[in-house]
Amino acid sequence: MTDPKIPVTEDELHAYVDNELPAERRGDVEAWLAGHPDDAGRVQAWRDMAEALHARYDHIADETVPKRLEIERLVQRPRSWVYGAIAATLAAFVCGGGIGWVARGAAATPSTVESLTTDALDAHRLYVVEVRHPVEVPGSERDHLQTWLTKRCGWEVRAPKLDASGLKLVGGRLLPGPTGPASFFMYESANGERYTLYSSRSKTGSAQMRYTAAENSGAMYWSEDNVSYVLSGPMDKTKLNHVARLVYDQTDKGG
């Protein structure tokens with residue numbers, strides 16, 4: 001039994017949008033929305049955003065795995081290739097098609113920056129489609145998020161302010177990186193485009209900003225003071241570069 005007088009929680013509103021709300025509570029939520037226009041507006045906005053994200057990214061999951069990444073072909077390669085190639089194939093299954101570094105077919109072990117860029121694009125694709133749980137800590141808790149990630153990652157982690165590019169901080173989370181913990185921030189524009197900033201320790205010192213692309217995602221990556229950064233987003237290189245420069249200006253030399 002449920003009591004329709006019990007206030008509807010935000011989790012229930014999200015569950016309602018995701019069609020995960022128990023049937024016996026659905027009528028109560030709909031009655032609540034009828035009497036609370038602000039919540040009804042939020043629910044509609046979430047639905048619109050979900051439809052936009054699915055329209056942009058769902059087709060990636062339906063793409064065929066390239067022949068060069070099929071297990072049968074990979075096991076025929078020299079033993080030194082097997083572990084890295086299988087890992088790349090699994091990433092392709094999870095995230096809907098190979099990442100740019102794998103597609104290159106390079107004949108040498110990927111560098112730390114290449115591995116980090118692959119991980120960053122994997123994380124970007126995995127989380128940008130999430131509506132209910134895209135981050136662990138919301139952007140409204142920026143100070144707590146920065147302090148927590150700084151403590152866990154071991155360097156001063158800051159969430160850049162990208163309002164000048166029309167991007168709002170959605171929040172962030174802690175992720176594993178190639179050599180240790182990685183910080184992950186997500187930003188969103190007014191039209192629902194999402195950008196993510198992934199950073200992790202590396203031994204590359206400093207490296208110039210470079211661009212790569214895979215399927216429908218682009219990335220600008222660089223290193224500074226043994227921390228590597230990957231900004232992922234839409235494939236518009238000019239816009240991606242503009243946002244990356246704003247990030248760089250706020251992370252360069254610990255600033």
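# Rings, charges and a helix face

Tutor: In this predicted model, the charged end of arginine 173 sits over the ring of tyrosine 127, 4.0 Å from the ring's centre.

Student: Okay. And ring against ring: how many aromatic pairs are there?

Tutor: The count is 3 aromatic pairs. Take tryptophan 222 and tyrosine 229: they are stacked, with 5.5 Å centre to centre and 20 degrees between the planes.

Student: Are those two buried or exposed?

Tutor: Both tryptophan 222 and tyrosine 229 are buried.

Student: What about tryptophan 222 and tyrosine 248, how do their rings sit?

Tutor: Edge-to-face. The centres of tryptophan 222 and tyrosine 248 are 6.4 Å apart, and their planes stand at 70 degrees. The cut-off for edge-to-face is over 60 degrees, so this pair qualifies.

Student: Where in the chain do those two residues lie?

Tutor: Tryptophan 222 is in strand 6, residues 217-224, and tyrosine 248 is in helix 9, residues 237-251. They are 26 residues apart, and the pair links distant parts of the chain.

Student: Why does tryptophan 222 count as buried?

Tutor: Its relative accessible area is 1%. Buried means under 20%, so tryptophan 222 falls in that class.

Student: Which residues do the ring pairs link into a cluster?

Tutor: Trp222, Tyr229 and Tyr248.

Student: New topic. How many salt bridges does the structure hold?

Tutor: It holds 7 salt bridges. One of them joins the side chains of glutamate 20 and arginine 132, at 2.9 Å from N to O.

Student: What does the pair of glutamate 20 and arginine 132 tie together?

Tutor: Two loops. Glutamate 20 lies between helix 1 (10-17) and helix 2 (23-35). Arginine 132 lies between helix 7 (112-128) and strand 1 (137-138). The pair therefore ties together parts that are 112 residues apart in sequence.

Student: Is glutamate 20 buried or exposed?

Tutor: Exposed, with a relative accessible area of 54%.

Student: What is the closest N to O distance for arginine 158 and glutamate 156?

Tutor: The closest N and O atoms of that salt bridge are 2.7 Å apart. Arginine 158 is partly exposed at 38% relative accessible area. Glutamate 156 is also partly exposed, at 48%.

Student: Then which residue forms a salt bridge with lysine 239?

Tutor: Glutamate 193, with the closest N and O atoms 3.3 Å apart. Lysine 239 lies in helix 9, and glutamate 193 in the loop between strand 3 (181-188) and strand 4 (194-201). So the pair ties together parts that are 46 residues apart in sequence.

Student: How accessible are lysine 239 and glutamate 193?

Tutor: Lysine 239 is partly exposed at 33%. Glutamate 193 is buried, with a relative accessible area of 15%.

Student: On to helix 2. Which of its residues are buried?

Tutor: Arg25, Asp28, Val29 and Leu33. Seen down the axis of helix 2, they fall within an arc of 140 degrees, so they line one face of the helix.

Student: Which residues are exposed on the other side of helix 2?

Tutor: Ala23, Glu24, Ala31, Ala34 and Gly35.

Notes: Residues are numbered from 1 along each chain as its sequence is written. This is a predicted model: local features need pLDDT of at least 70, side-chain atom pairs count only at pLDDT 80 or more; totals for chains, interfaces and linings use all residues. Side-chain values use heavy atoms; hydrogens and water are left out. Rings of Phe, Tyr and Trp (its six-membered ring) pair if their centres lie within 6.5 Å; planes under 30 degrees apart count as stacked, over 60 as edge-to-face and the rest as tilted. Buried means under 20% relative accessible area, exposed over 50%, partly exposed in between (1.4 Å probe, protein chains only). Helices (H or I, at least four residues) and strands (E, at least two) are DSSP runs, numbered from the N terminus. A charge sits over a ring if NZ of Lys or CZ of Arg is within 6 Å of the ring centre and within 35 degrees of the ring normal. A salt bridge is a side-chain nitrogen of Lys or Arg within 4 Å of a carboxyl oxygen of Asp or Glu. The arc is that of the directions from the helix axis to the C-beta atoms.
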